[in-house]
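Open the model in your viewer and keep the selection tool at hand. Each stop below says what to select next and what is there.

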Amino acid sequence: MFQKGTNLTDIITFNSVNKTYPLAKTRALSDYSITIEKGEFFCLVGPSGCGKSTVLKLIAGLETPSSGKIIAPENIGMVFQLGALFPWLTVEENTAFGLKMKGTDKTKIRELTNKYLDLVNLREFHKKYPRDLSGGQRQRVGIARALAIEPEVLLLDEPFSALDFLTTDELHKDLLNIWQETKKTIVMVSHLMEEAVLLADRVGIMRDGKLCKVIQVSLPRPRSYKKEDFVNEVQKIKNIIGE
Ligand code: ADP
């Protein structure tokens, strides 16, 4: 649907959004405006409590704004820390969960479940339970489950924060491949500037419920932590945050 004042390449728009949770003394978001383009990898960074997860919940429709306007697609996939899998369901059943909820027919569920378990390299684990998987594998199932509903936007809330460095490194590469293959719009929350610069096209820097600055990361991919221009870009963001 065409909205006046909205660029056709924009997929998410917040216009002067305020959010105050019931019983909370302060606003979680204050006069918050942001535009995210179709197909881009956008990363939100900022200190704990600055409102990053609130932005994701508002995009997903899990929370409503206290005032202001939000335009976002209805079909949104969300990946949580550690996959947030149902322990009593197999890998296959976890992946199919959103599709079942939507009433998708069995053949289509099998097709999509296989497709996305292939994409995250876990097809052979389809009969296993979350307890049989490593942390990285669980998070891959979380990603497959979010993608299985074929969402227009994929939201990730600090998805790798509980994983060790090597696993995270592997999942960063996988996520970039998935992004390039599926051409999804990705909005990810991170508390690590290095992770944001490694992955994102643009980084939104938040503080106290506000978006202070948006930085375009123009470094070519694949990016490397060790290169001087990478380190400079990270430092630029740290200077703005005040670290
Ligand atoms: P971040 O993701 O940057 O850590 P959040 O969006 O989780 O920040 O939280 C922003 C602010 O809103 C914090 O002060 C937090 O305590 C508050 N908050 C978040 N969720 C709720 C809630 N359900 N009820 C009340 N306050 C909340």
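Leaving aside its neighbours within four places in sequence, which residues is T104 in contact with? L99 and I109. Contact here means heavy atoms within 4.5 Å.

Before going on, note that this is a predicted model, in which local features need pLDDT of at least 70, side-chain atom pairs count only at pLDDT 80 or more, and totals for chains, interfaces and linings use all residues. Residues are numbered from 1 along each chain as its sequence is written, and side-chain values use heavy atoms, with hydrogens and water left out.

**Stop 1: T104**

Stay on T104. It is found in the loop between α2 (91-101) and α3. Helices (H or I, at least four residues) and strands (E, at least two) are DSSP runs, numbered from the N terminus. T104 counts as partly exposed, at 22% relative accessibility. The cut-offs are these: buried is under 20% relative accessible area, exposed is over 50%, and partly exposed is in between (1.4 Å probe, protein chains only). Now show the side chain of T104. One of its polar atoms lies 3.0 Å from the backbone oxygen of L99. A polar contact is a pair of N or O atoms within 3.5 Å; within protein, one must be able to donate a hydrogen and the other to accept it, and residues adjacent in sequence count only if both atoms are side-chain atoms. T104 and V141 are 37 residues apart in sequence, and their C-alpha atoms are 19 Å apart in space.

**Stop 2: the ligand**

Y21, A28, P47, S48, G49, C50, G51, K52, S53, T54 and K57 surround the ligand. Look at the oxygen atoms of the ligand. One is 2.7 Å from a backbone N or O atom of G49. A polar side-chain atom of S53 lies 2.8 Å from an oxygen atom of the ligand. For T54, a side-chain N or O atom is 2.5 Å from a ligand oxygen. Taken alone, the ligand exposes 570 Å², and the protein buries 61% of that. Accessible areas come from the Shrake-Rupley method with a 1.4 Å probe; for residues, only the protein chains shown count as cover.

Now centre on T54, which lies in helix α1 (residues 52-60). T54 is buried, with a relative accessible area of 7%. Its side chain makes a polar contact of 2.8 Å with the side chain of Y21. Not counting residues up to four places away in sequence, T54 touches K19, Y21, A28 and L29.

**Stop 3: helix α5**

Select residues 165-182. The 18 residues of α5 should span 26 Å at 1.5 Å a residue, and the end C-alpha atoms are 25 Å apart, which agrees. The expected span is 1.5 Å times one less than the number of residues. At the start of α5, a side-chain oxygen of D164 reaches to within 3.1 Å of the backbone nitrogen of L166. Which residues of α5 are buried? T168, L171, H172, D174, L175, L176, I178 and W179. Their cover includes β3, α3 (106-119), α4 (135-148), β6 (153-157), β7 (185-189) and α6.

Step just past α5 to K183, where phi is positive, about 55°. K183 lies in the loop between α5 and β7 and counts as exposed, at 64% relative accessibility.

**Stop 4**

Go to D201, in the loop between α6 and β8. D201 is buried, with a relative accessible area of 17%. Its side chain makes a polar contact of 3.2 Å with the side chain of R221. Then follow R221 to P222: the peptide bond between them is cis, with omega near 0°. Most peptide bonds are trans. P222 lies in the loop between β9 and α7.

**Stop 5: helix α7**

Finish on residues 228-241. Buried in α7 are F230, E233, V234, I237 and I241. They cover an arc of only 95° around the axis, which puts them on the same side of α7. The arc is that of the directions from the helix axis to the C-beta atoms. On the other side of α7, E228 and N239 are exposed. The buried residues pack against β3 (41-45), α6 (193-199), β8 (202-207) and β9 (210-216). Just after α7, select G242, which has a positive phi of about 90°.

Conventions. A residue is near a molecule or strand if one of its heavy atoms lies within 4 Å of it.
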